[in-house]
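Please look over the sequence and the structure shown here before reading on. The report that follows goes through a few sites, one after another.

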Amino acid sequence: MLEISNLHAEVEGKPILKGLTLTVGAGEIHAIMGPNGAGKSTLSYVLAGRAGYEVTGGSVTFMGADLLAMAPHERAAAGVFLGMQYPVEIPGVSNLLFLRTALNAQRTARGEPEASGAEFMKLAKAAAEQLGLPYEMMKRSVNQGFSGGEKKRNEMVQMRVLSPRLAVLDETDSGLDIDALRVVSDGINAMRAPDRATLLITHYQRLLDYVVPDHIHVLMDGRIVHSGGADLAHKLEAEGYSAIAA
Ligand code: ADP
Ligand code: MG
């Protein structure tokens with residue numbers, strides 16, 4: 001589903017990704033772990049097409065298409081979703097309007113009919129309920145005044161409504177208390193499907209007790225230096241990244 005090959009990228013002229021290679025198959029959950037500054041968020045931004053993150057080499061193929069040749073909105077319409085490490089606040093734009101606009105833009109781009117008001121409301125209500133986000137918060141400006149945990153839940157509400165093919169979740173677990181972590185994990189697990197894949201970026205093993213990945217990769221200094229199965233998380237927690245990478 002996703003093939004990243006020898007990817008190089010830089011930010012403000014500084015090389016961050018330095019030959020990253022990773023293949024994610026349909027139906028799979030891959031976790032990417034690594035120390036601060038390793039390039040995890042940079043990878044997520046490069047996949048989503050964020051401005052300022054310049055690809056200087058390598059390729060990314062998503063469902064057979066050249067992902068890097070696509071504009072960010074085209075990537076979203078193709079089914080790429082980014083759950084951000086630091087979700088942005090959008091004052092003056094209601095959460096519901098934002099989400100409905102995004103959903104219908106994607107549906108239109110795919111040649112599908114737009115969601116009616118009633119259909120959308122049903123989707124949004126179910127998603128908010130599943131993630132334990134009071135429906136009142138769906139009427140407020142996007143993320144404005146939300147706590148850290150509420151922002152993360154809101155990212156998951158968006159994911160659920162948009163129903164992406166590839167979800168890239170950047171430290172969706174950070175800032176969550178144990179109950180919220182469980183709820184968010186349930187949300188991620190509920191998205192598991194044969195035609196979907198998830199890239200879980202995290203630096204804590206804790207999340208991976210709830211969402212058991214098919215593969216874990218260690219990202220250090222801009223490349224994958226080690227890969228293993230779900231048991232790798234505890235080993236990393238016990239021994240640290242450097243020991244594993246050596
Ligand atoms: P991680 O998510 O693994 O902690 P990041 O991808 O956020 O790492 O950052 C990798 C490196 O790129 C860090 O050294 C960081 O300082 C640098 N970096 C990221 N974004 C920017 C930016 N907008 N401007 C300058 N440097 C950046
Ligand atoms: Mg990061």
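## The shell around ligand 1

Strand S2 (14-24) and helix H1 each supply at least two residues of the shell around ligand 1, and H1 gives the most to this shell, with 3 residues. The model is a predicted one, and this should be kept in mind throughout. Of the 13 residues around ligand 1, the ones that come nearest are Ile-16, Gly-37, Lys-40, Ser-41 and Thr-42. Sorted by class, the shell is made up of 5 nonpolar, 5 polar and 3 charged residues.

Which atoms of Lys-40 lie 2.8 Å from an oxygen atom of ligand 1, those of the backbone or those of the side chain? For Lys-40 it is a backbone N or O atom that lies at this distance. For Thr-42, in contrast, an N or O atom in the side chain is 2.6 Å from an oxygen atom of the ligand, and for Lys-14 an N or O atom in the side chain is 3.0 Å from an oxygen atom of ligand 1. Taken alone, ligand 1 exposes 560 Å², and the protein buries 66% of that area.

## The magnesium ion

The magnesium ion, which is ligand 2, is coordinated by the OG atom of Ser-41 and the OE1 atom of Gln-85, at 2.1 to 2.3 Å. Ser-41 lies in helix H1 (residues 40-48), whereas Gln-85 lies in the loop between strand S6 (80-83) and strand S7 (90-94), so the pair ties together parts that are 44 residues apart in sequence. Both Ser-41 and Gln-85 are buried.

## Helix H1 and its end

How many of the 9 residues of H1 are buried? The helix is mostly covered, with 9 of its 9 residues buried; among them are Lys-40, Ser-41 and Thr-42, and also Leu-43, Val-46 and Leu-47. After H1 comes Gly-49, whose phi is positive, near 90 degrees.

## The aromatic pair

A pair of aromatic rings is described by the distance of the centres and the angle of the planes. The structure holds 1 aromatic pair, which is formed by Tyr-45 and Tyr-53 and is tilted, with 5.0 Å from centre to centre and 55 degrees between the planes.

Terms used
Residues are numbered from 1 along each chain as its sequence is written. Chains are lettered from A and ligands numbered from 1 in the order in which they are written. This is a predicted model: local features need pLDDT of at least 70, side-chain atom pairs count only at pLDDT 80 or more; totals for chains, interfaces and linings use all residues. Side-chain values use heavy atoms; hydrogens and water are left out. Donors are N, O and S atoms within 2.8 Å of the metal (3.2 Å for Na, K and Ca); water is not among the atoms, so sites may look incomplete. Helices (H or I, at least four residues) and strands (E, at least two) are DSSP runs, numbered from the N terminus. Buried means under 20% relative accessible area, exposed over 50%, partly exposed in between (1.4 Å probe, protein chains only). A residue is near a molecule or strand if one of its heavy atoms lies within 4 Å of it. A polar contact is a pair of N or O atoms within 3.5 Å; within protein, one must be able to donate a hydrogen and the other to accept it, and residues adjacent in sequence count only if both atoms are side-chain atoms. Accessible areas come from the Shrake-Rupley method with a 1.4 Å probe; for residues, only the protein chains shown count as cover. Ala, Val, Leu, Ile, Met, Phe, Trp, Tyr, Cys and Pro count as nonpolar, Asp, Glu, Lys and Arg as charged, and the others, Gly among them, as polar. Rings of Phe, Tyr and Trp (its six-membered ring) pair if their centres lie within 6.5 Å; planes under 30 degrees apart count as stacked, over 60 as edge-to-face and the rest as tilted.
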